[in-house]
Amino acid sequence: MPRVDSPFRFVVSDLLRRAGERRVEHLTTPVGWSLELSRLVPEDPLEVEVTMEGASGGVFAAGTASALVEHTCHRCTTPWREQIEVPFGEMISGADDADYPLEGEVADLEAPIRDTVLLALPLVPTCRPDCRGLCGRCGADLNTGACPGHDEESSSPFAGLRELLEP
């Protein structure tokens, strides 16, 4: 069926008339979705395969969305990219209290797909579990070695306690 003014919007009148009727759609589109430290790479389009099925009062849409995501480590600010594939399944309904309502005979899948993809991204991405981050004094990457010159210095009021712990 034809799309209506957005790659995420589909006319579903045929599915609304016959419960159990199915249709598979594919879409490829660039998106600018992001969180603070993770974003979908706009040059690499979002790929979606969705099966829509007529159901009582609406359309059930289920499928997978895949995209290239660029993260920035919250500890050391190292960027990296990874491919993600996220399954989704949502009811697009004509009910007044629907989370994702039908717009007449048009199902807009952007919101449910966006919500599912963004919820799959980490809120605080870390490049690796043992990432040591950046030095709080000079900003050096502690993953590449110790900071020269101020390893032994400490302005902490607890610095004197270190002598009690060392033999």
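User: Is arginine 9 buried or exposed, and how would I read that from its relative accessible area?

Analyst: A residue counts as buried when its relative accessible area is under 20%, and in this predicted model arginine 9 has a relative accessible area of 14%, so it is buried. In the protein as a whole, 35% of the 167 residues count as buried.

User: Which side chains meet that of arginine 9 in salt bridges?

Analyst: The general idea is that side chains of opposite charge can pair when their charged atoms come close. Here the side chain of arginine 9 meets that of glutamate 103 in a salt bridge, with 2.3 Å from N to O. Because glutamate 103 lies in the loop between β6 and β7 while arginine 9 lies in strand β1, this pair ties together parts that are 94 residues apart in sequence. Glutamate 103 itself is partly exposed, at a relative accessible area of 40%. Arginine 9 also forms a salt bridge with aspartate 108, at 3.8 Å from N to O, and since aspartate 108 belongs to strand β7, that pair ties together parts 99 residues apart in sequence.

User: How many salt bridges does a search of the whole structure find, and which residues are linked in a network?

Analyst: The search finds eleven salt bridges, and a network of them links Arg39, Glu43, Glu70 and Arg81. Glutamate 43 counts as exposed at 60% relative accessibility, whereas arginine 81 is partly exposed at 44%.

User: What does the radius of gyration say about the protein?

Analyst: The protein has three helices and seven strands, in the order β-α-β-β-β-β-β-β-α-α along the sequence. Its radius of gyration is 24 Å, well over the 15 Å that the globule rule gives for 167 residues, and therefore the protein is more spread out than a compact globule. Along its principal axes, the C-alpha trace spans about 80 × 30 × 25 Å.

Conventions: Residues are numbered from 1 along each chain as its sequence is written. This is a predicted model: local features need pLDDT of at least 70, side-chain atom pairs count only at pLDDT 80 or more; totals for chains, interfaces and linings use all residues. Side-chain values use heavy atoms; hydrogens and water are left out. A salt bridge is a side-chain nitrogen of Lys or Arg within 4 Å of a carboxyl oxygen of Asp or Glu. Helices (H or I, at least four residues) and strands (E, at least two) are DSSP runs, numbered from the N terminus. Buried means under 20% relative accessible area, exposed over 50%, partly exposed in between (1.4 Å probe, protein chains only). The radius of gyration is taken over C-alpha atoms; the globule rule is 2.2 Å times the number of residues to the power 0.38.
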